[in-house]
Amino acid sequence: MGQFDNKTVIVTGGALGIGGAASLAFAREGANVTVMDLNRDAGEATVAKITSNGGKGLFVEADAGTSAGCRKTVDETVDAFGGLNIVFNNVGIQPPSSYMNAVDLPEEMWDRIIDVNLKSRFLMAKYSIPHMRKAGGGVIVSSASVQGLQSMPGVSAYAASKGGDLSLMRQLSLDFAADNIRVLAVNPGTIDTPMVRNATEAVGDDISVALSSYGKDHPLGRVGKPEEIAEVVLFLASDRASFMTGESVTVDGGMMAKGAWAGGAGAGID
Ligand SMILES: NC(=O)c1ccc[n+]([C@@H]2O[C@H](COP(=O)([O-])OP(=O)(O)OC[C@H]3O[C@@H](n4cnc5c(N)ncnc54)[C@H](O)[C@@H]3O)[C@@H](O)[C@H]2O)c1
């Protein structure tokens, strides 16, 4: 018996990184999993892994930053599996070419980041919630970020999208509590995914040196693994978190616990 037997889950950006780990973990626990992604090869490979392990998966090639992509993902999921119970709004982009302040950031780049990272949350809610209501309830979980809580210079659109994600999560939790729909988010610290590796490569840094350096910003002394975020997402989506809604859980190896005035891991302790 899996903890998500007879449940249907959509994972947006479900092919790689945190979404890929969550797709596999939900399927391992018995869920029917729709992997929605722009990357056909990677999405089909993730679904092949799910089915070769005896699970049920569906790949939907769609752009989460569009209304048509989100609607198609929900429609094809309901057609394939007969309903919808859980949405993991994982998709997110932070192109290295967007690292600039608001004066320099092209408006089109702002729009694209907000569409994929934030508007997709609204669109997935819009199209999913009617099916969750039919099922008597549901759960929506977002990948927000520690960058929705604090920030750094040069990431105006990404930081705004993540702060907006957390605010929309709270709003949806209020609007749909009476429908027995819980709405939550995770705030990952730095996680070893293609997003982080591609950004590191784009600035010409050595990946293992960079990951080890990013790890030092986290009191646990390392970056996280996609599976460590997926496990928390599964907990939030499960009945074990049945009294949780309107809240985010920070999964960052202790990074947000550390003040900007503090030194590296263990500083000042002897
Ligand atoms: N990796 C980190 O350090 C980190 C930290 C905090 C928050 N997050 C957030 O976690 C989420 C996942 O991050 P990740 O690092 O696993 O990302 P990733 O780039 O490694 O993987 C993202 C997946 O989404 C897909 N995708 C991208 N744009 C899409 C679109 N428009 N429509 C459909 N699919 C699309 C990609 O093909 C890929 O499979 C994002 O929301 C990100 O902002 C990541």
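Helix 1 and helix 2 cross with a right-handed sense. This is a predicted model. Helix 1 takes part in two things here: the packing against helix 2 and the shell around the ligand.

**Helix 1 against helix 2**
- Two packed helices are described by the angle between their axes and the distance between the axes.
- The axes of helix 1 and helix 2 (residues 40-52) cross at roughly 20° and come within 10 Å.
- Angles under 35 degrees count as roughly parallel, so helix 1 is roughly parallel to helix 2.
- From helix 1, the contact uses Gly 20, Ser 23, Leu 24 and Ala 27. They meet Thr 46, Lys 49 and Ile 50 of helix 2.
- By class, this contact between helix 1 and helix 2 holds three nonpolar, three polar and one charged residues.

**Around the ligand**
- The ligand is surrounded by 29 residues.
- Gly 13, Gly 17, Gly 92, Thr 193 and Met 195 are the closest.
- Three elements each supply at least two residues of the shell: helix 1 (17-28), strand 2 (32-37) and helix 6 (194-202).
- The shell around the ligand has 15 nonpolar residues, 12 polar and two charged.

**Overall fold**
- The protein has eight helices and seven strands.
- Its radius of gyration is 18 Å, close to the 18 Å that the globule rule gives for 270 residues, so the protein is as compact as a globular protein of that length.
- The C-alpha trace spans about 55 × 45 × 40 Å along its principal axes.

Technical notes: Residues are numbered from 1 along each chain as its sequence is written. This is a predicted model: local features need pLDDT of at least 70, side-chain atom pairs count only at pLDDT 80 or more; totals for chains, interfaces and linings use all residues. A residue is near a molecule or strand if its C-beta atom, placed from the backbone, lies within 6 Å of it. Helices (H or I, at least four residues) and strands (E, at least two) are DSSP runs, numbered from the N terminus. Ala, Val, Leu, Ile, Met, Phe, Trp, Tyr, Cys and Pro count as nonpolar, Asp, Glu, Lys and Arg as charged, and the others, Gly among them, as polar. Axes are lines fitted to C-alpha atoms, for helices over the stretch in contact, and angles run from 0 to 180 degrees between N-to-C directions. Angles under 35 degrees count as roughly parallel, over 145 as roughly antiparallel, 65 to 115 as roughly perpendicular and the rest as oblique. A crossing is left-handed if the near helix is turned anticlockwise from the far one by less than a right angle, and right-handed if clockwise. Two residues are in contact if their C-beta atoms, placed from the backbone, lie within 7 Å. The radius of gyration is taken over C-alpha atoms; the globule rule is 2.2 Å times the number of residues to the power 0.38.
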